[in-house]
Amino acid sequence: YILCKFGKFTTLFKTIQQQFYLLLGNLMNPDNSVRKQAEETYDTIPGATKITFLLQAIRDASAAEEVRQMAAVLLRRLLSSSFEEVYPGLTLDIQTAIKTELLACIQLDGSSSIRKKVCDVAAELARNLLDDNGNNQWPEILKFLFESVNSQNVALREAALHIFWNFPGIFGNQQQHYMDVIKRMLVQCMQDQENPQIQTLAARATASFILSNESNMALLKHFSDLLPGILQAVNESCYQGDDSVLKSLVEIADTAPKYLRPNLEAALQLCLKLCGDTNLTNMQRQLALEVIVTLSETAAAMLRKHTAIVAQIPQMLSMMVDLEEDDEWAMADELEDDDFDSNAVAGESALDRVACGLGGKMVLPMIKQHIMQMLQNPDWRYRHAGLMALSAIGEGCHQQMESILNEIVSFVLLFCQDPHPRVRYAACNAIGQMATDFAPTFQKKFHDKVISALLQTMEDQSNPRVQAHAAAALINFTEDCTKLVLEQVVTSIASVADTAEEKFVPYYDLFMPSLKHIVENAVQKELRLLRGKTIECISLIGLAVGKEKFMPDASAVMQLLLKTQTDFNDLEDDDPQISYMISAWARMCKILGKEFQQYLPVVMGPLMKTASIKPEVALLDTQDMENMSEDDGWEFVNLGDQQSFGIKTAGLEEKATACQMLVCYAKELKEGFVEYTEQVVKLMVPLLKFYFHDDILYLPWSMPLLLECARVRGPEYLTQMWHFMCDALIKAIGTEPDSDVLSEIMHSFAKCIELMGDGCLNNEHFEELGGILKGKLEEHFKNQELRQAKRQDEDYDEQVEETLQDEDENDVYILTKVSDILHAVFSSHKEKVLPWFEQLLQLIVNLICPHRPWADRQWGLCIFDDVIEHCSPSSFKYAEYFLRPMMQSLCDTSPEVRQAAAYGIGVMAQFGGESYRPFCTEAIPLLIGVIQAADSRAKENVNATENCISAVGKVMRYRPECVIVNEILPHWVSWLPLNEDKEEAVHTFNYLCDLIESNNPVVLGPDNANLPKIFLIIAEGFANESIKGDDDCSKRLANVIRQVQVSGGLWTQCVSALNETHQKAIQDLLNTA
């Protein structure tokens, strides 16, 4: 390859350039083999050489236009994906030449499409030439923008706006300086009446600028007077067949809804007008509706204030009527409507989202009358729409519909007998959806009439699709003909068995022979799904009825599964049997337990293959995404700056299922799974960074299970495995954006530390972990401040408060996981981690300040409880921070805070040491005050009370010098047993055993008069499972009983005072301990 300065060509260079043009042509060739070979050749060309040839192709007016366009697209992609690898290595002369050539091409080219693509290249280069401090290292492009936007040449004005739309952050740290100039430039272009394309592009550029500055409230306010121009451009462009500005308005509603506030009514009126205009395309009408729906999700409180506008939202119902007769519908082999882009489906989805966004209190009264009128309309399409509307609003209007559910259900069931099959289908849909939305109330109240109506509908032989949907509704009801109907029937049986569990045993022999027959004989390709569902059904029934009932068939079922598994390599990648097989094996593992280990060599190969599926991913700009969006199976995440991340989702469901099954094997087989732990760990650890499927994200809890499996190989093997996991877990805690997934990772990490014990974290681990936990705590406080600010917002209302409380619950849950990790660290590494802990100390102290929410104080105290329990006596050096708040918290209004404080006093007595003695004395009257309060045993208070009882016991047991034991003991015994807090119950029973074994006269009473009461305490504790038959405490209690047993009269006296339940508990304790 020859690199030469632009404009100076040799004959050889021209020859190579022609070959390059041919290569570009082949990259667009419809023949896959030609295109693939061209891609391989193109990938071998060095980046710098690519830039040379691509730029030359763009500026060569004699080249074919499609070749020049392809060159521009490839150059933009190169700059987007490989800028750091290629551009900095170019000489300064070549870098300058590239910039100059790009601007020259924009100014000289006569082709509008080429010019736009070159503008995309220029914008991409400018984006990459903005340094970390916001300095634009290409000042010439800013000069070009200013000159072009003021030019008389429309094409140049268009080019300037296109670049600014593509990269609105182009001004970098000079943006504030040029703010008025930017605004003036956009206003001037939006007022260009002679050139509609300039007005349209200016509106899109303004929207892009707003979106890139979404959090800058001052800027949004400064640019608010441009909103009417955007709305005007939306209106005018739609009627010119261009929905690009309308799409920008949807993005504003999603990302910067408050920008719309000054002109919200005008925006809503415009969208309602466009949505209702049947002269527009379906897509345009749906986009207009999307603006309103998105606002109901992103700015619900703001939208709720415009009640007159919102009252017009039933327009969605009119879209749901947009249905056509279809003679093939009843026999179609699909469970869902094919046309997901139809107005009917769009209206239904919109109604669902608006109901959830605005809340049932506003939505139900607004549309209830409309729905009732539709259900009485002689036109089947209206009845269908009314029923689908009822399905759609159930989740959002849950509370409001629950009170009138009886009326709704009775009315809907009438439509199971409607003369039109699609109305009957819609009735089944409504029943199925309500069964999900209102479970379990729906099932308890309406099971008789609902099941009867669905079974009757399932007899509709002439409409298999209605039959299938009735069966699907029955599945929903029991859960939380043609092949299609048979599939649903099999799934229904599985669902019933899964729900009924052991109650399905009487029906087992009725169903199992037929199900085995289907698996043996449904071998045709078109019956694959039926066979897969039947395999699932058999395994679910086996799990439901239990090992004893299933075992006579287990061998035959295993042989059927093994035969299918042997043929696994012959199955196509998309064969639906694969995922059903994988799940079935895991259920068989649960049924057979350790006996399943022999089948692992057969099942693990295909399972690992499925779990190792690597999805196809791509980083795309908006234009690329639009080109790919029609491809089946692609999903996109917007990254901003006109870029999106795309992933092909085919196979992800199977991958997720396979990963879950691997975890199941590890959990069920434990050391029996050790042969596979290493390869599974190597598969699972990278999935901590796998953001593409919800079920895969919930697998971090597999880590401690796999460590448990690996233990049998010895400490060295275990440590190597932990080192492979540890760094990834810590990094995932620092980077995971989803709070639900993050909490799982944190919990898993804590369990791993507890399992691995002292020394499992080195200095680097502690340093990184400390920084992350500090960040989590700081974020917790910051989020609380943001929520308080939202409570002062003008749009604040009770539904906003509900959302804020949900956010608060999420934050508190993460705080509990911070506490879990600190508990694991303190319990395993003891007082030597205290110097490390000091970086977090002030943040934990902040949690227990009196003005903090009760959950903060609860978990702050729990952390200090762990410091006392595991790091004493050294913990006392921090006593100034937590002792006074802990004492005060014993009388807190929140039972959760009282419980945490009481536990702290207990461990203070047990582990704290001499320094804590006066505080144990001080705490006793406070603890007794809580225990003796009138409502101390109320449901919400009982756990706190039981911790206080346990704490009093621990002070008497470990610090008797702090109290007059004989005065308190009779009271303490009268408070027993503890029934709710099982861990503390064991402490109290062990102390009771100490007292009895030492023949304590206060506890036993004169002539053992208190023994019947002690028997009652023991019996109650065992009956309530506060103590277990196989632990040391139970053995001690059983020995106490046996000593009394040999004394005939006393034994009779003690036992006769017990009721039948308590007598049985005493006998069970003697039998098991």
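Predicted model: local features only at pLDDT ≥ 70, side-chain atom pairs only at ≥ 80, totals over all residues.
**Backbone points to look at**

- As a reminder, most residues other than glycine have a negative phi, and most peptide bonds are trans.
- Asn-1008 has a positive phi near 55°, although this residue is not a glycine. With 30% relative accessibility, Asn-1008 counts as partly exposed.
- Asp-1007 also has a positive phi, of about 55°, and is not a glycine. This residue lies in the loop between helix H50 (1001–1004) and helix H51 (1011–1023). Asp-1007 counts as exposed because its relative accessibility is 77%.
- The peptide bond from Ser-872 to Pro-873 is cis, with omega near 5°. You will find Pro-873 in the loop between helix H43 (854–871) and helix H44 (879–889).
- Leu-976 and Pro-977 are likewise joined by a cis peptide bond, and omega is about 0° there. Pro-977 belongs to the loop between H48 and helix H49 (982–997).

**Salt bridges**

- Side chains of opposite charge can pair when their charged atoms come close.
- Searching the whole structure gives 44 salt bridges. One of them is formed by the side chains of Glu-290 and Arg-353, at 2.8 Å from N to O. Glu-290 is in helix H15 (residues 282–298) and Arg-353 is in helix H19, so this pair ties together parts that lie 63 residues apart in sequence.
- Both partners of that pair are partly exposed: Glu-290 has a relative accessibility of 24%, and Arg-353 has a relative accessible area of 22%.
- Another salt bridge joins Arg-917 and Glu-961, whose closest N and O atoms are 4.0 Å apart. This pair links distant parts of the chain, 44 residues apart: Arg-917 is in helix H46 (residues 917–931), while Glu-961 is in the loop between helix H47 (942–958) and helix H48 (965–974).
- Arg-917 counts as partly exposed at 35% relative accessibility, and Glu-961 counts as partly exposed at 42%.
- Asp-1068 and Lys-1064 also meet through their side chains in a salt bridge (2.9 Å, N to O). The two residues both lie in helix H54 (residues 1060–1072), four residues apart, which is about one turn of the helix.
- Asp-1068 is partly exposed, with a relative accessible area of 26%, whereas Lys-1064 is exposed, with a relative accessible area of 53%.

**A patch of negative charge**

- Asp-322, Glu-324, Glu-325, Asp-326, Asp-327 and Glu-328 gather on the surface in a patch of negative charge.
- Asp-327, one of these residues, is found in the loop between helix H18 (315–320) and helix H19 (343–358).
- Why does Asp-327 count as exposed? Its relative accessibility is 77%, and exposed means over 50%.

Notes
Residues numbered from 1 in each chain as written. Heavy atoms only, no water. Patch = residues over 30% accessible without salt bridge, like charges linked within 9 Å, V, L, I, M, F, W, Y side chains within 5 Å. Areas by Shrake-Rupley, 256 points an atom, 1.4 Å probe, with all protein chains shown as cover. Lys, Arg positive; Asp, Glu negative; His and termini not counted. Charge placed at Lys NZ, Arg CZ, Asp CG, Glu CD. Buried < 20%, exposed > 50% of the residue type's maximum accessible area, 1.4 Å probe, protein only.
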